[in-house]
Amino acid sequence: MPAALELKAVHKSFGKTAIINGVDLAIEKGERHAVIGPNGAGKSTLFNLISGRFPLSTGNILLDGQDITGLAPNEINRRGLARSFQITNIFAKLSVYENIRCAVMWSMGYRYSFWKRVAGLRDVADRAQSIVDMINLGRRRDTLAGVLSYAELRALEIGVTIAGGANVILLDEPTAGMSNTETADAVALIRNVTQGKTLVMVEHDMSVVFGLADRISVLVYGQVIATGTPEEIRSNKAVQEAYLGTEATEESE
Amino acid sequence: MAYQPPPLIHRKRLLTWGLTAAVLIVMPLIFKQSFALSMMSQMGIAIIFALSYNMLLGQTGMLSFGHAVYFGLGAFFSVHALNAVGAGNFHWPVTLLPLIGGVAGLFFGVIFGYVTTKHSGTPFAMISLGIAEMVAACSLMFPTFFGGEGGISTDRVVGNAVMGITFGPSIQVYYLIAGWCFVCMVAMYALTQTPLGRMANAVRDNAERARFVGYNPTHVRYMMLMLSSFFAGIAGALAAINYELVTAENVGVVASGNVLLMSFIGGIGHFFGPIIGAMLVTFIQSALSNYTLAWLLYFGLFFLVMILFAPGGIASLITLHKPAWEVAQVRKLVPSYIVAGLAGAVLLVGVISLIEMIYQVETKAEQSGTEMSLFGIGFDAATVMPWVVSVCILFVGALLLWMASRYVRSSWTQVAAVINARRSA
Amino acid sequence: MEFFLVTLLNSLSYGLLLFMLSSGLTLIFSMMGVLNFAHASFYMLGAYFAFQTSQAIGFWPALVVAPIAVAALGAITERYGLRTVHKYGHVAELLFTFGLAYIIEEIVHLIWGRAPVEYKIPAVLDFSAFSIFSTQYPAYRVFMMLVSVGMLIALYFALTRTRIGLIIQASLTHPDMVESLGHNVPRVFMTVFAGGAALAGLAGVIGGNAFVTEPGMAASVGTIVFVVVVFGGMGSLAGAFVASLVIGAVQTFSVGFDYSLLNLFALLGIETSADSAWYDLWKVTISQAGPVLPYILMVLMLIFRPKGLMGTREG
């Protein structure tokens, strides 16, 4: 069985600066995988490469065994990979419900049709409503996304990401900037919405990482220096030197 | 949780559209003068054109400076089709001529849209302008098709009368325009409620995110541009029938700018905004141009003031009052509005007299001297006094308006407090 | 040969004039993200101000006074117009400058009328500088080139040797970083906007009398300048420079060629008559097609190289 997501010798340079320097990574189906690493290690760039936002310099990316290298983001999304953004990236002048609805339409096969009434599409409405409820924004269903609170926006961000029913979900710092209770809610939400799916997340909060991830990869200077279960990572010497030793300063930021 | 789709036709919708249709039907029975009728015909055409423009600007976030290309080319193709029908080379009912215009518009939308919609934002705006200039320059190169300076004229009365309808009398043309206007309004509104229409809004808000939910924003923009050029072509065909003349001006940059002004003044954020804008601007253009040669300047100033102080257009000024209306607080705002209106009128008098005096002295003096009259007062613009008075009025008006704006603001603060209190209750 | 040399010089002087406009437009666009629709209107105002000033106190003072007056207008536009609409986004900014261009044209109608004004080349420069075969080349054209090149050099030093110039340069390559530099961004914006307006005004002073000073000049030059900016690549000064010269040459040279496709057909031995299909298209001469050529070049560029000649980014 092919891996859900596989990176083969992925390189990315901006000008002369190499940001991603030969990353090999295989993520199994149903796995919850966290990518950690100090600031500037290239975690967000890695997500941008996987999701097609930036082109690769060299290397290959396989989704469910199929090569998706060089495809446009919308093509990659249609093949079952969805991502969230570190800085909330939603449709500000649409309501919460409409945001979700836009995110489910393609996957339900309605494409660019201009002869069907959106309000008449039962399947779209049911699915959008169930996702709004799942992300606990039922009360804010008809509020414009632009006026939501920060935690609500982050929940919507996750909702828009998972709405299309993609099998591989990439979450970029889903709990960044949240209070402890908000983080706990977010973790419960992530656990809930990614059941039966493959999750890859970038996260700074170690309690989230160690609580949620089946396996962890440590990215330092554009290279994966270790991949393993939380216990293996915790006890890995190289990781401790390169990364966990700086955890205190990371979190105080 | 079984979802029940809302009925396609419900009471509120039936009322809105029924009322719109009724207004379209009844208007010429109330305003029977020929200039009123021709103005209403113009309004109908402008409404279709402005709504089609807003499919780009308001709904998809594409600022086009070349939308008249589709309007004008639609008009040219229809006028040639009409002439062919007149010559007996081609059979097509005049009633359905707008379809020919629409298809012509669509055809050029397919071609030009392919080039322009690969871009968005400012590059799209510039390229649309470049295409408009290109078509305008071409229009002078091919006189056989575009008719050179004089344009192409036609006769809309062709073939046999069907049930007494010849489209000779302008009232019949009005009803033709009104009918198409109604159909196009419904169609364009319906379009906003489809998957494509909703995704156009999503692309407008955040094209990148649209990509990450599976949609290609370029494709959405392209489709919206094609559909919008179809409606623009319909409007162009109606213009050809209405005026029986199509000139190179119809494809020109000025015409493109005009539809932009209409939509923006009306309000691009609401479906009905461009309708208001089209009616108001058409009215201003025909009414004001009778009184002063400087009307374009007043019009431009009005546009600039709207951008600076009410970028949402008239539609947003109306909807701004919806919450106040719901808690029955609008009457608390009325006194401050009256005061502000009076202060604005004083300022306006100052501006108008200065502009008209400059105009008299600089441009009209050679023919008619510097004697003039404004607001029923006769004076000589070559003397100092009227200038001093005008400048004083201007400053007093500005001062009054500044004070009035504070009054309006404080009234709004009170109303907002009531609204918030009701909301949290 | 004679025709070629004279036209080459003419296209060079025109191209340099275009660059004085497109450089300002590019700088403003790169810094502020605003495509200034009224940029060519500042060019027109420069010409009209120079006309008025030169009637009162002569051409040489006008060469200084008019650009300064236009720069002041530019500063006011930025301070009280653009800065107000900035919060509504780029579309509103673009529309504001569009409305401004509209109003400036109407004000020019109002004050100076619709007909061209008699803004003449100063008598001191109204002689022939040298002759190319039988053609006397006017000294004023040489003067135009000197002023443009002088301006170019001044601009180059301003951009490379002054503090504000370095900030502007940084913003060309890293538009998002300017604000984090800790400089007084609004004031930098105002300076750039006023500077761009001054350049346009100066172009108007020296171009208005060489060509024609009329209310339509803003619209006709304005779109060409946009074509130059798109063709050269938005945000690239070097691209704007090359594109200015190319578009200037295309426009100037096309005027001189009265050949059409019919001539080509005749050469190839293809018989054509007024009844042939598409006869209208075949009989268009290059000089007639001249006005369209820049736009066709632009569209071709967009199809094959959307970023423009030397552009690094899109919008």
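**View 1. Confidence along chain A of the predicted model.** Chain A has a mean pLDDT of 90, with 96% of its residues at 70 or more, where pLDDT is the predictor's confidence in each residue, from 0 to 100. This is a predicted model, in which local features need pLDDT of at least 70 and side-chain atom pairs count only at pLDDT 80 or more, whereas totals for chains, interfaces and linings use all residues. Residues are numbered from 1 along each chain as its sequence is written, and chains are lettered from A and ligands numbered from 1 in the order in which they are written. Over residues 247-253 of chain A pLDDT stays under 50, and the model has three contacts beyond four places in sequence for them; two residues are in contact if their C-beta atoms, placed from the backbone, lie within 7 Å. Where pLDDT is low, the predicted coordinates should not be read in detail.

**View 2. The contact between chain A and chain B.** Here 36 residues of chain A meet 29 residues of chain B. On the side of chain A that touches chain B, two or more residues come from each of α2 (73-78), β6 (81-83), α3 (96-105) and α4 (122-134) of chain A, these elements being DSSP runs numbered from the N terminus, helices (H or I) of at least four residues and strands (E) of at least two. The most, five residues, is given by α3(A). By class, this side of chain A holds 18 nonpolar, nine polar and nine charged residues, with Ala, Val, Leu, Ile, Met, Phe, Trp, Tyr, Cys and Pro counted as nonpolar, Asp, Glu, Lys and Arg as charged, and the others, Gly among them, as polar.

**View 3. The contact between chain C and chain B.** Chain C contributes 39 residues and chain B 36 residues to this contact. Among the elements that give two or more residues to the side of chain C that touches chain B are α3 (59-85), α4 (90-112) and α8 (217-232) of chain C, and α4(C) supplies the largest share, 14 residues. That side of chain C divides into 29 nonpolar, seven polar and three charged residues.

**View 4. Helix α7 of chain C.** The 24 residues of α7 (residues 185-208) of chain C reach 33 Å from the first C-alpha to the last, close to the 34 Å expected at 1.5 Å a residue, the expected span being 1.5 Å times one less than the number of residues. Because 19 of the 24 residues are buried, α7(C) is largely enclosed by the rest of the structure; a residue is buried if 20 or more other C-beta atoms, placed from the backbone, lie within 10 Å of its own.

Technical notes
Buried ≥ 20, exposed ≤ 12 C-beta atoms within 10 Å, placed from the backbone.
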